[in-house]
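Here are some notes for your read-through of this model. Please keep the coordinates open as you go.

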Amino acid sequence: MVNAEDVFNPKDFKSIELEISMKNLTTQTEVRPGPINTLVEIGDKMLTFEFPAKCCNIKHSVFVEIRKRLPDETKSSELCSLTGKVLEAENLTDSEMRVVVNVVQVDELSWNALLNIFDSRQAQISEFLNAVRG
Amino acid sequence: MSATPEKESDIFKKYLATRKVLIADPSATSRSGLFRVFQDCGSPPNSVILVNSYGQAKETIKNIKPHIVITEFDIDRRSGSGLDLLIEQRQQQPKETKECLFVIATNNTSQSAVARAAEEDVDAFIIKPFTVETVRKTLVKAALLKLKPPEYLLLVEKGKEALIAQNYDEAEKLLEQAVPLDPAPSLALYYIGMTKFARQITEEAEGKYNKGLDFNKIHYKCLVGLYELMGSQKRHHEAYEVVKRVSQYFPANPKRLSEVLRLAIITQQYDDVEKYYQAFCNIDERDDTLVKYVCAALVVCGKYYLGTGARSRAMTLFQKASATGTGRANIIKEIVQALVEANLPKDARDYQKKFPPEFQTSKDYQLLNFEITNLEGPVSAVIQIGRELQKQNIHSERFYEIMIGRSQESSLKDAVEALAYEAAKNYPDKKDHFMALAKIS
């Protein structure tokens, strides 16, 4: 027997959300969490973001805080904080720029938590797709 | 024997060498990241096209006909989703579909997005932020499944083709051969079920779908096959249980949600409809179609409760429907109509005020106003409004029924006759009905 409440589950419509803020330690300016701030790619101790235009430049030192909110959570919680150097900074439009940060200092546990949260969701999704196809 | 990792990457490189790739993503950073992966895997640079909008992607699929499409799920909420591009690609290249790859790469990690993608049979679903290695591995795996499918899938594909060609004996033979080749052969069992269903051996078809579900309880095709079989036999209660299961694993398909709500109403599970509404209220992103179905179901439930005399429960549901469907004239119209039918003119007037201003000059609005006046006003007012509507050539069957009845009450014999002939002219198939009402032999 399936419950009606399970059939129409609001959590199913929600994504993992990241709140990203960045402090430019070189210019002492700050980018607060907002819709532009996006983490696009995770590399080997390297992160590629989209941030508001002109917020940093190559060789600037930055402090980045990433907070997560899972579909069943109402409040965000800290996921990973790091300091790094800007390797690439490219203005994409008048309002957005692409920023590649080389991670200099990060707590290994929180770095792994960042990797795991998306790795495990990716694994779940791939498993679901395989099961559905049968 | 499976290919070694080196061989797999070589096969993929060879595959990419002659394939056109489309990357459709509003984020320039994502586009460049994905482009780099394709370059690293061996795509010639001039064979990868990057676009940032749904419109551009659609044009590219039409004109360039890429073999591989990798797109953001929420590429453009107003024009179309990434999945709409999949439909476009299949339409443009129906014969090459087996060789084409369609991949979603998205920030949308919700189960509803994943399930929609699964239903549409996308080749892969990659979430952002991605790693280069995840993208590479996922693409290689998806491509190899197309280029070198296992024997099981080859037989299922051949069986499916025989089924489409209505060669049922051959289809069953091939599909039965496939069954022992996979530890969970739900797909093969589904197509055997389909073949049995096509042969109208429905009991065996149901058995095959259920066997497929024994191996894999979320096998989409088996669930849908079972649901359609039960629907075709009007086994509404059982079909409702199955479609609830489908919706549990595959949320947010508006078509199926409408089925869930329809079956909830047919099977009189009105409490379920109210629970669906409560859950619906917690969803941030409400699809327009979803709103429409939920409102319609609430109105139907409200009508049911009005019919059973549970007026206050009905009014609560109407309030919810009207609040959810703000500005939707058809929802208000349905509510007003139900209240008129239940002889509740005061409540009908209250809802009539909720019509959007642009609707208040419409024919439907004026006819509803006439019907409410008929319930609350003196005969003279009803006839006066009715005559004004007649002058504007605004009418309905119900309009003539009311006008004939009211004119009879006022002993307006000539008017009764004229109305009956006019009604018969406008609604010729109801001529006998109007003549009988007017007592014209």
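1. Start with the pairing of strand β6 (residues 77–91) of chain A and β7(A), which is antiparallel over nine bridges. Strands pair here if DSSP finds at least two bridges between them. Within this pair, Thr83(A) stands opposite Gln105(A) in β7(A). A hairpin of four residues joins β6(A) to β7(A).

2. A note on provenance and numbering. This is a predicted model: local features need pLDDT of at least 70, side-chain atom pairs count only at pLDDT 80 or more, and totals for chains, interfaces and linings use all residues. Residues are numbered from 1 along each chain as its sequence is written, while chains are lettered from A and ligands numbered from 1 in the order in which they are written.

3. β7(A) has another partner. Strand β4 (residues 46–52) of chain A pairs with strand β7 (residues 96–106) of chain A in the antiparallel sense, over seven bridges. There, Pro52(A) has Glu96(A) as its bridge partner in β7(A). Strands of a sheet pair through backbone hydrogen bonds, either parallel or antiparallel.

4. Now chain A as a whole. Chain A has two helices and seven strands; these are DSSP runs, H or I of at least four residues for helices and E of at least two for strands, numbered from the N terminus. The order from the N terminus is α-β-β-β-β-β-β-β-α. The C-alpha trace of chain A spans about 60 × 25 × 25 Å along its principal axes.

5. How much of chain A is buried? Of its 134 residues, 31% count as buried. The cut-off is 20 or more other C-beta atoms within 10 Å of a residue's own; 12 or fewer is exposed, in between is partly exposed, and C-beta atoms are placed from the backbone. Contacts require C-beta atoms, placed from the backbone, within 7 Å. Among contacts in chain A between residues at least 6 apart in sequence, 59% join residues at least 24 apart.

6. Check the interface next. The contact takes 32 residues from chain A and 44 residues from chain B. On the chain B side, the elements giving two or more residues are α2 (28–41), α5, β5 (124–127), α6 (132–147), α9, α12 and α14 (270–281). By class, that side has 19 nonpolar, 18 polar and seven charged residues. Nonpolar means Ala, Val, Leu, Ile, Met, Phe, Trp, Tyr, Cys and Pro; charged means Asp, Glu, Lys and Arg; the others, Gly among them, are polar.

7. Helix α11 of chain B passes a length check. Its 13 residues (220–232) should span 18 Å at 1.5 Å a residue, and the end C-alpha atoms are 18 Å apart, so the two agree. The expected span is 1.5 Å times one less than the number of residues. Buried residues of α11(B) include Tyr220(B), Leu226(B) and Met230(B). Their cover includes α2 (108–133) of chain A, as well as α5, α9, α10 and α12 of chain B. Lys234(B) follows α11(B), with a positive phi near 55 degrees.

8. Chain B also holds an open sheet. Five strands run in the order β2-β1-β3-β4-β5 (chain B), with parallel pairing. The edge strands, each pairing on one side only, are β2 (48–51) and β5 of chain B. Strand β3 (residues 68–71) and strand β4 (residues 101–106) of chain B pair in the parallel sense over four bridges. Ile68(B) has Leu101(B) as its bridge partner in β4(B).

Methods. Two residues are in contact if their C-beta atoms, placed from the backbone, lie within 7 Å.
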